[in-house]
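I opened this entry to record what I looked up, item by item. The notes are in the order in which I took them.

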Amino acid sequence: MNRHGNNSNALLVEIMIAVLFFSLCSTVLLDAFIKAHDGSARSAAVTDALIEARNILEQLNAAEEPEALLAANGYAETESEDGSVWQQTGEGEAYRLMVRLESTPTEAGALRTAHVTAWSGASDQPVVRLQSAHYDPAEVE
Amino acid sequence: MSRKTFSTRQHSMSGAFVFLLLGLFAVLSTLMVLFSAKLYRSTVMEATEYSAQRVLNSYLLNTVHANDRAQGVSIRREGDMDVLAFGWSDAEDGYETLVYGYNGEIRELLLGGDETFDPELGEAICAAQRFTPGVEGSLLTLSITDGKGVESKLYVALSCPTRKEAAR
């Protein structure tokens, strides 16, 4: 009877060790999948930010009044020494955008430059930086 | 005798507990594998969808910019669909590339000047429920509805007017 009891206990201990080992493996696996999911969400936010940055840049190139376009798209102007700076005010987005407009007058017109910067989540490091220049010729008298 | 019966019952209870524990572990492990497989599948699917979206947007943006010359980009009606056309079609030996939505896909078709348009012949670029090109002034608007029914818009600024605009 004693031998039976010892065998049963040994089996129980063996199974407990196996369960512990596989539980540890499962924890590592779960952690890896959660990291993969987070990485996928971050990548999605960067893609969305890139598409939005490109779109606003293209719209600015075609717009006659860039400030009005930005205001209509939910951007708010903020004070800055580097020209006109506009930031997206929408909440709940996985990214945020900032647009800086510059206008350099020349003899034959004005060179309009737009810089678009995007950040993902709470990161301080920009994920997208785009720039475009558009020449507005002055009217010939 | 009764002591022996009690001991046998205790032994079989202990064995049942061990197998119950083993069974619980097997069930939890299976659930874990199923959950992980589901998570993995959704992660890969999302990454594939975003990759396809990035490729499509880059393709459309670069193709429009590359053909942004006088009458190089146009939108016209072919049957019951709006088609985005690049290149020249007026010359006899001219070729043009057509991009359109057909049968749940965005397709591309290279068409010679004397060939007629057949949407079946186009090569699939990516899956999309709907593709609607439009133009407002010098801004080309491409509206794309993906497989899940989510609509996104791609804007492209044109330096030259489209054929449609130039004809006005």
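**Entry 1: cores.** The model is predicted, and I read it as such. I started with the largest nonpolar core, which has 20 residues. Leu60(B), Leu84(B), Ile106(B), Phe131(B) and Leu140(B) touch the most other members. I then listed the elements of chain B that give two or more residues to this core: helix 1 (2–66), strand 1 (73–78), strand 2 (81–87), strand 6 (130–136), strand 7 (139–145) and strand 8 (151–157). Helix 1 of chain B supplies the largest share, four residues. Apart from this core I noted another, of 18 residues, which includes Ile56(A), Leu57(A), Leu60(A) and Val99(A). As background, nonpolar side chains in soluble globular proteins tend to be buried together.

**Entry 2: Phe131(B).** I asked what Phe131(B) is in contact with, leaving aside its neighbours within four places in sequence. The contacts of Phe131(B) are Leu60(B), Leu84(B), Val99(B), Tyr100(B), Gly101(B), Ile106(B), Leu142(B), Ser143(B) and Ile144(B). Leu60(B), Leu84(B) and Ile106(B) in that list are also among the core members that touch the most others.

**Entry 3: strand 7 of chain B.** How many residues of strand 7 of chain B are buried? The count is seven of seven. In a regular strand the side chains alternate between the two faces of the sheet. I therefore checked both faces against the cut-off for buried, under 20% relative accessible area. Leu139(B), Thr141(B), Ser143(B) and Thr145(B) are buried on one side, and Leu140(B), Leu142(B) and Ile144(B) are buried on the other.

I next followed the pairing of this strand. Strand 6 of chain B runs antiparallel to strand 7 of chain B, and seven bridges join them. Within this pairing, Thr132(B) has Ser143(B) as its bridge partner. The two strands form a hairpin with two residues between them, and Gly137(B) in the turn has a positive phi of about 65°. Strand 8 of chain B also pairs with strand 7 of chain B in the antiparallel sense, over seven bridges. There Leu139(B) stands opposite Ala157(B). This second hairpin has five residues between its strands, and Gly149(B) in its turn has a positive phi of about 90°.

**Entry 4: largest pocket.** I recorded about 650 Å³ of space in the largest pocket. Its lining has 24 residues, and Glu49(B), Gln53(B), Asp146(B), Val150(B) and Ser152(B) lie nearest the centre. Both chains take part: helix 1 (2–62) of chain A gives two or more residues to the lining, as do helix 1, strand 5 (123–127) and strand 8 of chain B. Helix 1 of chain B gives the most, eight residues. By class I have 10 nonpolar, six polar and eight charged residues in the lining.

**Entry 5: two single residues.** Is Asn57(B) buried or exposed? Asn57(B) counts as buried because its relative accessible area is 6%, under the 20% cut-off. Asn57(B) lies in helix 1 of chain B. Not counting residues up to four places away in sequence, Asn57(B) touches Ile51(A), Arg54(A), Ile144(B) and Leu154(B).

Gln88(A) is found in strand 2 (residues 84–88) of chain A. At 18% relative accessible area, Gln88(A) is buried too. Leaving aside neighbours within four places in sequence, I noted contacts of Gln88(A) with Glu52(A), Gly74(A), Tyr75(A), Tyr95(A) and Leu97(A).

Technical notes:
Residues numbered from 1 in each chain as written. Chains lettered and ligands numbered in written order. Predicted model: local features only at pLDDT ≥ 70, side-chain atom pairs only at ≥ 80, totals over all residues. Heavy atoms only, no water. Core = buried A, V, L, I, M, F, W, Y, C linked by side-chain atoms within 4.5 Å. Buried < 20%, exposed > 50% of the residue type's maximum accessible area, 1.4 Å probe, protein only. Contact = heavy atoms within 4.5 Å. Pairing = 2+ DSSP bridges. 1 Å grid on protein atoms, 1.4 Å probe; cavity = no way out; pocket = protein on both sides within 12 Å on 5 of 7 lines; lining within 4 Å. Points joined across faces, edges and corners; volume = space filled by probe spheres on them. Nonpolar A, V, L, I, M, F, W, Y, C, P; charged D, E, K, R; others polar.
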